[in-house]
Amino acid sequence: MSIWWSLQLRREAASVPLARRLLMGTMETAGVDPDISYDLSVALSEACANAVEHGGDTARGGMSEAYRVTAYLDGETCRIEVADSGPGFPVGRSRSVTLPSCTEAEHGRGLCLIEELADHVHIGNAPGRDGAVVSFDKILKWKKGSPLAVV
């Protein structure tokens with residue numbers, strides 16, 4: 001059994017806790033270990049906060065009103081993707097150059113935190129359109145008797 005959902009959220013600060021609560025509720029219902037749920041919810045909050053702050057179409061002088069969050073709980077893995085329609089990450093720059101040192105940077109610590117909390121992280125630009133995509137996954141642990149636990 002698997003669960004997935006996708007939201008289109010307004011680029012407003014109030015959307016961040018909404019996405020986090022939906023993820024936490026989904027994982028609680030599925031029986032995911034609370035520590036894993038917490039790690040993923042913090043990572044999601046950071047990705048959403050980045051979309052809210054940086055996800056507008058500033059290159060053309062406009063503002064995108066929305067960003068998208070998609071979550072998949074499938075088997076032993078949860079995968080989360082946050083996509084916006086902002087300017088994206090600088091083209092031609094390696095990921096290590098794009099991400100500052102977590103301890104020294106005034107900005108960008110959220111991306112470092114996501115990398116610490118998730119098992120696999122992909123940070124890049126949306127293929128074929130404007131915008132950044134932050135996706136990450138984590139191997140799930142289950143509470144005893146969980147309905148989605150892999151046997």
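User: Start with α2 and α4. How do their axes cross, and what distance do they come within?
Analyst: This is a predicted model. In it, the axes of helix α2 (residues 34–54) and helix α4 (residues 109–117) come within 9 Å, and the crossing is at roughly 155°. Angles over 145 degrees count as roughly antiparallel, so α2 is roughly antiparallel to α4.

User: Left-handed or right-handed, that crossing of α2 and α4?
Analyst: Left-handed.

User: Which residues meet there, α2 against α4?
Analyst: From α2, the residues are D39, V42, A43, E46, A47 and N50. They meet G110, L111, L113, I114 and L117 of α4. By class, the residues of this contact of α2 with α4 divide into seven nonpolar, two polar and two charged.

User: Which residues of α4 are buried?
Analyst: G110, L111, C112, I114 and L117.

User: And what covers them?
Analyst: The cover over the buried residues of α4 includes α2, along with β4 (120–125) and β5 (132–139).

User: Back up a bit. How many helices and strands does the chain have?
Analyst: Four helices and five strands. Along the sequence they follow the pattern β-α-α-β-β-α-α-β-β.

User: What share of the chain is buried?
Analyst: Buried residues are 43% of the 151 residues in the protein chain.

User: And what share of contacts comes from residues 24 or more positions apart?
Analyst: Counting contacts with a separation of 6 or more, residues 24 or more positions apart account for 66%.

User: OK, now α1 against α2. What's the geometry?
Analyst: The axes of α1 and α2 come within 9 Å and cross at roughly 155°. The two helices are therefore roughly antiparallel to each other. The α1 and α2 crossing is right-handed, whereas the crossing of α2 and α4 is left-handed.

User: Which residues make up the α1 and α2 contact?
Analyst: On the α1 side, S15, V16, A19, R20, L23, M24 and M27. On the α2 side, S37, Y38, L40, S41, V42, L44, S45, C48, A49 and V52. The residues of this contact of α1 with α2 divide into twelve nonpolar, four polar and one charged.

User: L44 is on that list. Is it buried or exposed?
Analyst: L44, which is found in helix α2, has a relative accessible area of 1%. The cut-off for buried is under 20%, so L44 counts as buried.

User: What does L44 touch, leaving out residues up to four places away in sequence?
Analyst: L44 touches A19, R20, L23, V69, I80, V82 and F136. Of these, A19, R20 and L23 are among the α1 residues that meet α2.

User: How far is L44 from E81 in space, C-alpha to C-alpha?
Analyst: 8.5 Å. In sequence, L44 and E81 are 37 residues apart.

User: Which side chain does T26 make a polar contact with?
Analyst: The side chain of W5, at 3.1 Å.

User: What else does T26 touch, not counting residues up to four places away in sequence?
Analyst: Besides W5, T26 touches I3 and L73.

Conventions:
Residues are numbered from 1 along each chain as its sequence is written. This is a predicted model: local features need pLDDT of at least 70, side-chain atom pairs count only at pLDDT 80 or more; totals for chains, interfaces and linings use all residues. Side-chain values use heavy atoms; hydrogens and water are left out. Axes are lines fitted to C-alpha atoms, for helices over the stretch in contact, and angles run from 0 to 180 degrees between N-to-C directions. Angles under 35 degrees count as roughly parallel, over 145 as roughly antiparallel, 65 to 115 as roughly perpendicular and the rest as oblique. A crossing is left-handed if the near helix is turned anticlockwise from the far one by less than a right angle, and right-handed if clockwise. Contact means heavy atoms within 4.5 Å. Ala, Val, Leu, Ile, Met, Phe, Trp, Tyr, Cys and Pro count as nonpolar, Asp, Glu, Lys and Arg as charged, and the others, Gly among them, as polar. A polar contact is a pair of N or O atoms within 3.5 Å; within protein, one must be able to donate a hydrogen and the other to accept it, and residues adjacent in sequence count only if both atoms are side-chain atoms. Buried means under 20% relative accessible area, exposed over 50%, partly exposed in between (1.4 Å probe, protein chains only).
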